[in-house]
Amino acid sequence: MQHLVDIVLLGLLMITGFAIVRMRSLLAVTMLTSIYSLFSALLFVVLDAVDVALTEAAIGAGISTILLLATVALTTEYEKVPSHRSLLPLLVVTLTGAALIYGTLDMPHYGDPNAPVHRHVAPDYIEDTPEEIGVPNVVTSVLASYRGYDTLGEVTVIFTAGVGVLALLGVHLRKRTEQPSDYHKLVVLRVIAKLFFPLILLFALYVLFHGDYGPGGGFQAGVIFATGFVLYALTHGLGNAERVIPPALLGILAAAGVLLYSAVGIEGMLLGGKFLEYNVLADDPVSGQHLGILLIETGVGITVAAVILIIYFGFVSRRPGGADAQDPS
Amino acid sequence: MLDILLDILSWILLLGGALFLLTGAIGVLRFPDFYSRLHAVSVCDTLGAGMVLLGLMLQGGLTLVTVKLMLIFYFMVFSGPTAVHALAEAAQVSGLDPVEDDREDG
Amino acid sequence: MSTLLGHYNYWIVIVLMMTGFYTVIARPNLVKKIIGLFIFQTSVFILFISMAKVEGGTAPIIEEGYSLYSNPLPHVLILTAIVVGLATTALGLALVVRIQEAYGTTNEDDIHVQDETD
Amino acid sequence: MLLSNLPALQVVVPLVSAPICLLLRRPGHAWACALTVSWAVLVMAVLLLRQVALEGTVSYPLGAWATPWGIEYRIDMLAALVILVIAIIGAVVMPYARRSVMQELDDEHIGAFYTCYLLCLTGLLGIVVTGDAFNLFVFLEISSLSSYVLISLGRDRRALTAAFQYLVMGTIGATFILIGVGLMYMMTGTLNMADLAQRLPAVDDTRTVRVAFAFVTVGVSIKLALFPLHIWLPNAYIYAPSVVSIFLAATATKVGVYVLLRLFFTVFGVQFSFDDMHVGDIIMWLAIAAVLTGSLVAIFQDNLKRMLAYSSVAQIGYIVLGIALATGAGVSAGIIYLFNHALIKGALFMALGGIMLRLGSVELRDLHGLLRQMPWTVAAIIAGGLSLIGVPLTAGFISKWYLVAAALEGGLWPLAFIVLASSLLTVIYVWRIVEATCFRAAGDERPGVREAPLSMLLPTWLLIALNLYIGVDAEVLTGLADTAAAALVGEALP
C-alpha cells in the first residue's frame, strides 16, 4: 500500500516535472510549479514529515507561486524558443544523474529501520526529548533546541532575503489609498476575504503556539500570518493594506524577530550558560526549554511574516496599481 | 454493530465523494468551453469533497479530528464557490465569451 | 529485485532532480531558470525526507500507543532548507524584475547581445 | 564570560549587529556600526588565535548540547588563521568604505549595503568556525545571498546580470553540497565533522560515499571558482561596487579554499581523498590549467578590474596547487599563499577603488600618466603588483618560495617550473599597468583629478605595509601555517 501511494505520487511529480520543462507559457509553468510543490507536500505527509509538508505547502505552493506570478506579470508570459540548441547541458545532466544513480547502489534500502541514519544520533533525540525538552513534537525540539543554532542561521537567511529585496525593489509607501479600478466588482471577494482574514490570523497563532504538540511552529505561522495580509492586499488594494501594516514598520519587525532570537541566545550566555542554552533561562531546565522555544519561535514567526510581506510589497509595488497584477478580476 | 454500520456508511460516502471528484475531472477534460468546465469543477468539487470530509468525520468519531474536519468543511464551503466566482469573473472581464454552440469548439 | 524495491524511489527522485537541473542550465529564460532551481531543490528535499522514513513508523510526534517513529533530523534540516530555498527564489526573482527593467528582456541570449553591443 | 564564549561571539556579534544596522536610519550611523563591529571582530579574532595557539583546538557546544547531538563550534589553527584573514580585511576595508560607498551608491541603499556587508561577514565567519556539516551549508547561504545583493548594488546594469549568474551557479553549488552532505549523513547518521571523520572510514569503500565526496567537491569548487567553474567570478568582481570587490576578492574564495581543506583533510581524511579518490591528481591539473589560462587571459584585458579578476582565478590555482600536493609542506604553502593573496588582492582592489573614485573608470587607456596625479595610489598598485609577481622582500615572494620548495620536495620539478613560468606571465600584465600609468603621457586633460582621500589611501598602504613586513619577516606566519598544516595532514594519518 505504502509503495503504491509512493509510486503514484512520484509518477505525478514526474509528469508535472516534464511538463514544466516542455511548456513555454510561463503562467502555466508557474501553476504547474505550484502543483509540483503540492504533490511533494503530499508525499511528505505520506513519508511522516508533517511539519515539512505544512511548510512546503505554505512556502512552496503558496508564497513562491505568488512571487512567480508577480514576476511573470512584470516580465513576459511566453518563453522564447532558444536560438541554438546545445548538447552540453544534456550531457552534464546525464553525467550528474548517472553519478547519483551509481551512488544509490550501496545505499541502505528505503524504509530500512537498520539504516545508519536510524541507529546513530536520531534515536537519542526521540528518546531524550520527553525528559530533556518536555515537548511531544520531536521535530520542534530538534529544530528549536538541539539544533537551534541552525534555525538562527535560517532566520538570518530569510532576513538577508528581506534586506536584499528591500535594496533591489524597495517598498514605496503609497500616498494615495486608491481603490482598485474594478473595486465594485470585487464585492464577493471582499466579503469573503473579510470573513477569512481574522480566521487566518487566528490559525497562524494556533500553528505558532501549538507547534510543541503538533505540526507547526514559527515558520509556518509566519507564512500563514503573511498570507492573511496578502489576501487583504489583493482584495482591498495595496494602499489600504499598507495603511494596515506600514512598510516602514515591516523593516523594524523583520529586524526585531532576529534580535529577539539572538537575545534569547545571549541571555543564555549572560546567565552563565552557553549561547542558546535554554536550561538556564528558568529555575528548572525543562521550563527553561519551554520558555526558550516559545520565545525563539515567536521571533522566527515575526521575522518570517515581516520579510514575506516586504517581499510581496516589493514585487507588487513595482508598477502603478501593482496589486491589480494578480487580482482575480 | 453500530461500528460496522458507521464504517460502511463512511465508506459509501468516501467512495461516492471520490466518484464525484472523478466526474468533475472528466468534465473539465470533456466540456467544450471555459464556463462549462468551471461549472463541472465547482459543483462536483463541493459535493465530492464534502462527502469525503463527512466520510472521514464518521471514521474519526467524536474526537478533535472531527472538529478540525468540520472547520475544513466550513472553510471549503466558503472558499470553493468564491474561487470559482473569481475565476469566472476574471474570464468575463478579460473578454472570454461562452460558447453557445458546442460544435464550435472553444 | 531487492535493489529495485529498495531504491526505485531514489531513482525517480534523481530523475526529478535532473529535470530541474536541466531547466536551470539549458533554458535561456531567467524566470524558467529560477523555476528550475526550485524544482531541483524541492527534489533534493524529497531525497532527504525519503531517507528519514522508517517502514511502519509514524510522524515523530511522541504519543502513547506508538513506539516506532521516523527520523526527525532530516525533517529539521529540510525545514531549514525550504526557507533557504524561498530566500533564494525571492532574491532571484527580484533580480529578474530589475533585469527586465534595465534590459527590457528576460532572455539570456538577448541580454548577451545587448551587453556585447554596449 | 567574554573569553569563554569567544567562539560564539565571533559570529554572533556581527549577526546581531546586522539587524541593528538596518534599524539605524542614517547612512553615517550604519557605517559607524559596521566599522565598530569590524574592529571588534578583529580584536576577537586575535584573541581567538592566541587562545588556539596556547591551548590547541577550541571546541564550543552551542546550546550546551553534547556533540554530535548539538552543533559544535570547533576552531583549530587553520580556522583561526582564516578568521584572522577575514577579520583583517573587514577591519581595513571599513574605514575605506565610507567615501567609496558614498560615491558609488545611492543614499537610500547605504543602510542595506552595510547590513548585507555584516551578514556576509557573519556568513563567512560562521563557515569557518563551525564543526557541523549542515550548519556550514546554512552559513554558506547567508554569505552567498548577501554577496548576491552586494554585487547587484553596482551602478552598471551588468551588475544585475552578474549577480544573477552568480546566484544561479552559487545555488547549484550549494545544492550539490547539500546532496553530498545528505549522502554522507545517509551512510553515517551524523552531521558533526569530527564524528563524520570517525565513522566514514568504516563505509568509505561504498559507492555512496564516493559520490558524496564528488558532489561536495564540485559544489565547493564552484564556490571557490576553481577552473573551469570560475565563469561567475570575473563579472561579479568587475561590476560590483569597489568595496564589495575588495571584500569578496580577499575573503570569499579563501573561505571556499578553507572548506576544501576541511573536507579533504578533516572529514574524509588524506588517505581516502588522495589515495582512493585521486583527487590530488585531478585538482592539480585543474589548478595548472587555472594558473595558465587565468594569467594568459589577464594579459589581454584592458579593464584593470577584469585583469585582477582573472589574476584571482590564477592565484586560486596556485593555492589549490599547494593543497593538491597533500604533503605538510604543500598544504602549509597553500595556507601561506591564501593569507598573502588576501592581503595582496585586497590592497590592489583598494587602489583601484581609489582610482574609480577620482576617475570613474579603470580602463587602461584612461590611466595614462596617472602617476603624476595620484602618485601614492599608483605606487600602491606597483608595490602590490610586485608582490603578485613574487619579487623578493614582498609577501608574494614568500608564498611562491614555499610553493616551489614544496613542489621540489615532492620531486615535482615540472610543477616548480610552471609556477616560475607563470610568474613571468604575471610580470607581463603588471608591466602593462606600470607602462600605462608611469611612462605614457596623458592623452587628454583630467582636470581636478587628484590623489585619493587619506581615508582610502591609509587602509591601502596598511595592507601594502603588511605585505612588505611579511616579505621581510615571515617567521610568525610560516610557523602558524606549519602548525595548521601539520595538524591537518597529521591527524588523518593512522
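A residue is called buried if 20 or more other C-beta atoms, placed from the backbone, lie within 10 Å of its own, exposed if 12 or fewer do, and partly exposed in between. The model is predicted, and local features need pLDDT of at least 70, side-chain atom pairs count only at pLDDT 80 or more, and totals for chains, interfaces and linings use all residues. Residues are numbered from 1 along each chain as its sequence is written, while chains are lettered from A and ligands numbered from 1 in the order in which they are written.

**View 1. Overall form of chain D.** Of the 494 residues of chain D, 67% count as buried, and the C-alpha atoms of the chain fill a box of roughly 70 × 55 × 40 Å along the principal axes. A compact globule with 494 residues would have a radius of gyration near 23 Å (over C-alpha atoms; 2.2 Å times the number of residues to the power 0.38), and the 21 Å of chain D agrees with this.

**View 2. The largest nonpolar core.** This core, a set of buried Ala, Val, Leu, Ile, Met, Phe, Trp, Tyr and Cys residues joined through C-beta atoms within 7 Å, has 374 residues, and those with the most contacts inside it are Leu81(D), Ile83(D) and Ile151(D). Helix α6 (residues 158-188) of chain D gives the most to the core, with 21 residues. Ile83(D) touches Gln10(D), Ala45(D), Leu48(D), Leu125(D), Val128(D) and Val129(D), leaving aside residues up to four places away in sequence; contact here requires C-beta atoms, placed from the backbone, within 7 Å.

**View 3. The contact between chains D and C.** Chain D brings 21 residues to this contact and chain C brings 25 residues. On the side of chain D that touches chain C, α5 (133-152) and α6 each supply at least two residues, and α6(D) gives the most, with 14 residues.

View 4. Helix α7 (residues 138-146) of chain A is mostly covered, with nine of its nine residues buried; among them are Val138(A), Val142(A), Leu143(A) and Tyr146(A). The cover over the buried residues of α7(A) includes α3 (50-74), α6 (122-132), α8 (148-168) and α13 (285-316) of chain A, together with α3 (72-103) of chain C.

Methods
Helix = DSSP H or I, 4+ residues; strand = E, 2+ residues; numbered from the N terminus. Contact = placed C-beta atoms within 7 Å.
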